[in-house]
Amino acid sequence: KKSDAISLFGGSPSKLAAALGITRQAVHQWPDDLPQDQADRVNGAAVRYGLSPVLGDSTRPTTKAA
């Protein structure tokens, strides 16, 4: 969700935009349910900033290590 992405970066669309190198207006244009590629970009930025990434596609199968 877009709201989860914004919350991950301190509740500010401006902070999220800065972390991704895009404008605040671009964040406002995102749909409420983020496509996987946008969620992946947010998670990547979270990792770079030392945050715990939490966005993902819950329908995607997970793999277990053998």
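These legends describe close-up views of a predicted model. Residues are numbered from 1 along each chain as its sequence is written, and side-chain values use heavy atoms, with hydrogens and water left out. Local features need pLDDT of at least 70 and side-chain atom pairs count only at pLDDT 80 or more, while totals for chains, interfaces and linings use all residues.

**View A. The buried residues of helix α2.** Helix α2 covers residues 13-20; helices are DSSP runs of H or I with at least four residues, numbered from the N terminus. P13, L16, A17, A19 and L20 are buried in α2, where buried means under 20% relative accessible area (1.4 Å probe, protein chains only). These buried residues fall within an arc of 160° seen down the axis of α2, so they line one face of the helix. The arc is that of the directions from the helix axis to the C-beta atoms. The partners against which the buried residues of α2 pack are α1 (2-8), α3 (24-29) and α4.

**View B. G21 after helix α2.** G21 follows α2 and has a positive phi, near 75°. The loop between α2 and α3 holds G21. With a relative accessible area of 66%, G21 is exposed, a term for values over 50%. Between the C-alpha atoms of G21 and A45 the separation is 9.8 Å, and the two residues are 24 residues apart along the chain.

**View C. Q38 in helix α4.** Helix α4 spans residues 36-48 and includes Q38. Q38 has a relative accessible area of 16% and is therefore buried. Apart from its neighbours within four places in sequence, Q38 is in contact with W30 and P31; contact means heavy atoms within 4.5 Å.

Notes: Helices (H or I, at least four residues) and strands (E, at least two) are DSSP runs, numbered from the N terminus.
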